Amino acid sequence: MEMFDLIAVMAKILFVIAISLGVIPFLVWFERRGSAWMQGRVGPNRIGPFGLLQTTADVIKFVCKEDFVPKNANKFFYHMAPTVALVAPLCAMAVIPFGSYLVLGDHTVNLQIANMNTGVIFILAFAGLEVYPIILAGWASNNKYSVLGALRGSAQIVSYEIAMGLALLSMLVVYGSFNPHEMVAWQNETIFGFLPRWGAFVNPIGALVFWIAIFAETNRLPFDLPEGESEIVAGYHLEYGGMKFAAFFMAEYVAMIMASGLISTIYFGGYGFLPGMQTILNLATEYFSLGVAGVQNVKALLEFTSFFSKVSFFMFVFVWVRWTLPRFRFDQLMDLGWKILFPLSLINLILVTLGVYFLN
Amino acid sequence: MENQQQDLYNPNVLINIGPNHPATHGTLRVMCRINGEVIEDANCEIGYLHRAIEKLGEEKTYHQWMVYTDRLNYCSALNNNITYAMTVENLMKISPTDRCMYIRVVCMELSRIIDHIVCIAANALDLGAMTVFFLLIHWREEAYTMIESMCGMRLTTTYARIGGMSYDLPDGFAQRLKKFCDEIPKAIDEIEGLLTGNRIWIDRTKNVGVITKEDCAQFSVTGPCARASGIDMDLRRDRPYYIYPELDFDVVVGSGGDVYDRYLVRMEEMRQSVRILKQCNEKMPNGPLWVDDKRVLIPNKLDVYTKMEVLIHHFKIFMEGIDVPKGEAYTCTEGPNGEVGFYIVSRGGPKAWRIRVKSPSFTHFQVFEKTIKGGKIPDAIAHLGSVNIIAGELDR
């Protein structure tokens, strides 16, 4: 491997981690201000401009707290759980592309940490790992409520992974590829001349199932049963305090970012241009009289903006739904997963397959 | 451990819900034997907030004990104040003035709205709908601000006095009340929009925590919980007190007896309370606030400072207490949660011989133990929120 590639990969990893961890304080702030806005409150507005530094203050508090471990906890698994929780979704982000490529001198830099042909499988594998921290935390804490939360969480994530996998599979049939770049390229066309050929428009049922499933995968309301603060107190992370709790908290947000990135890439055109961006690119090309490399770099920048705004939109939807809906009950959650989403996504898969077979 | 053969399919896990649990809203304890999430057996324990309030009633004068009634159901302190004052007045054969009765009805209906707001909000919060909680609590604060303007207190009001009220209504109260009555139905509609037709809310509450008619009769469940089960009983109509016969309102009756029906009954009762408040606001008579009875009349402060006889009278009322004749009385009103009653035995003198409180939460908690068996933990939480068990009233 050339030195340049090595540095490029390092820089990309740093960029992705910095962005996804760096936006968490902002997201937490947004969640709190957003909920306050929906609930007719003010929300945190004291520390920093518009209360933006509130989360920083929270982090300082978390770091300074006592590192408490319950007496009868299984120490190894107890400490392992928050680590896995944070690392698994971060790893999954490696294959989500946030732009096409940059041109730097003779080199091109692919705006994706790892360009794998099995990209989607990789994401599913690491998203599937999210079940382990919940089981580990619940079991190792040696607390009945934690175990209840762990049982709920593991069953929930495993069940919804099936619906999610089937919804994903129906899109793979359409794209005929596992590679996220090719998926985005496929979606860059238009249908009927005006509608972008996004996965969500081609396969709306799949998009809906996938969208519901990522709520369950990320343990957000209305599927926050593993935490269920009023029922099983705090569920699997009941016995975690200080920075270990913060790790779970951050893991939830990283998982949300990952899920938003995934749904944007697979169903909403990924880093493909939003309507109007082509005009901006044309204008910029004329105004600065850019060369081929320059055009590509501006294009990559615009693509990143497009991807970022899509992810932001889905993050907003996460917050919006959370503060609107009540929580499901466990059996109702299972009913929804197995009796509605699973058959629906299966039928959808068959229909999509038939459609692809006859149309091509 | 050896003689206990472990049954892997039913490990008989014991779990404590409370006394320190986010959903218990106070200190009460439910010990559950669970199989998975299903509660197979439950045992409720009370007494964590026992403060011997009834016993204290034998040591305090009638006026001094008024403050303890605030601490029974602290969500509807006004209703307790007034019911207690009513009981003592019945013992003394005093009937309050017209204006006093109207003010008292306004107070009781305000406290009913507050109590229902707290119940629905907390119930929604327990089921994960946090926004509903905040939207409703805003209106509780508005109501508290109005109560503050009446008596200077928000939560523990101590507004009633035997024979009258501690203060008359403040200036501009009619406009404030009118504004409140105009605005709160909109808020109730908003909450209805968020919850009543919400699929998740219906799934979580329908056929959950069912209290049947028979259960109500056996456990003497009263108030909105009984009405939600289809028992058409409302003391405001069936055993009318004060000016309720002159007022036009409907008694809300449900049919299912589940959490959803209790929610609907409470929502509609808030609307009916607003109706009553509006009528009271229109009809509010002028005239004296206090009964013209020397035994209980608290003199005007200006007279106390300027007239010798009045000063002595004031001193005697507050240092010795009022002399209540021999006898016993039980008076109950339709509290927000159900029948709130005070039973007082007097042997004469300024202190009661015995005081007992009939609190609706006590009976509701009894039936809770029966109805959660066979349900799941989230059902128990939904049920607990919907019967509005207030620990202060439960344990006394």
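In this predicted model, strand 7 (residues 339–346) of chain B pairs with strand 8 of chain B in the antiparallel sense, over five bridges. Within this pairing, Phe342(B) stands opposite Val357(B) of strand 8. The two strands belong to an open sheet of three strands in chain B, with the order 6-7-8 and antiparallel pairing. Strand 6 (327–334) and strand 8 (354–358) of chain B each have a single partner strand and stand at the edges, so one side of each is left without a neighbour in the sheet. From one strand to the next, the twist averages 10°. Helix 3 (residues 77–92) of chain B lies across strands 6, 7 and 8, and runs at about 145° to strand 6 of chain B.

Chain B also meets chain A. Here 33 residues of chain B are in contact with 22 residues of chain A. The area buried between the two chains is about 2,400 Å², and carbon and sulfur atoms give 60% of that area. On the chain B side, Glu37(B), Thr131(B) and Ile200(B) lose the most area to chain A, together 22% of what that side buries.

Polar interactions cross between the chains as well. There are three salt bridges between chain B and chain A; one of them joins the side chains of Arg329(A) and Asp379(B), at 2.8 Å from N to O. The count of residue pairs in polar contact is 10. Several elements of chain B each supply at least two residues to the side that touches chain A, including helix 4 (98–126), helix 5 (130–151) and helix 15 (377–386). The largest share, five residues, comes from strand 1 of chain B. By class, this side of chain B has 21 nonpolar, six polar and six charged residues.

Terms used: Residues are numbered from 1 along each chain as its sequence is written. Chains are lettered from A and ligands numbered from 1 in the order in which they are written. This is a predicted model: local features need pLDDT of at least 70, side-chain atom pairs count only at pLDDT 80 or more; totals for chains, interfaces and linings use all residues. Side-chain values use heavy atoms; hydrogens and water are left out. Contact means heavy atoms within 4.5 Å. Buried area is the accessible area (1.4 Å probe) that two parts lose on being put together, summed over both. A salt bridge is a side-chain nitrogen of Lys or Arg within 4 Å of a carboxyl oxygen of Asp or Glu. A polar contact is a pair of N or O atoms within 3.5 Å; within protein, one must be able to donate a hydrogen and the other to accept it, and residues adjacent in sequence count only if both atoms are side-chain atoms. Helices (H or I, at least four residues) and strands (E, at least two) are DSSP runs, numbered from the N terminus. Ala, Val, Leu, Ile, Met, Phe, Trp, Tyr, Cys and Pro count as nonpolar, Asp, Glu, Lys and Arg as charged, and the others, Gly among them, as polar. Two strands pair if DSSP finds at least two bridges between them. Axes are lines fitted to C-alpha atoms, for helices over the stretch in contact, and angles run from 0 to 180 degrees between N-to-C directions.
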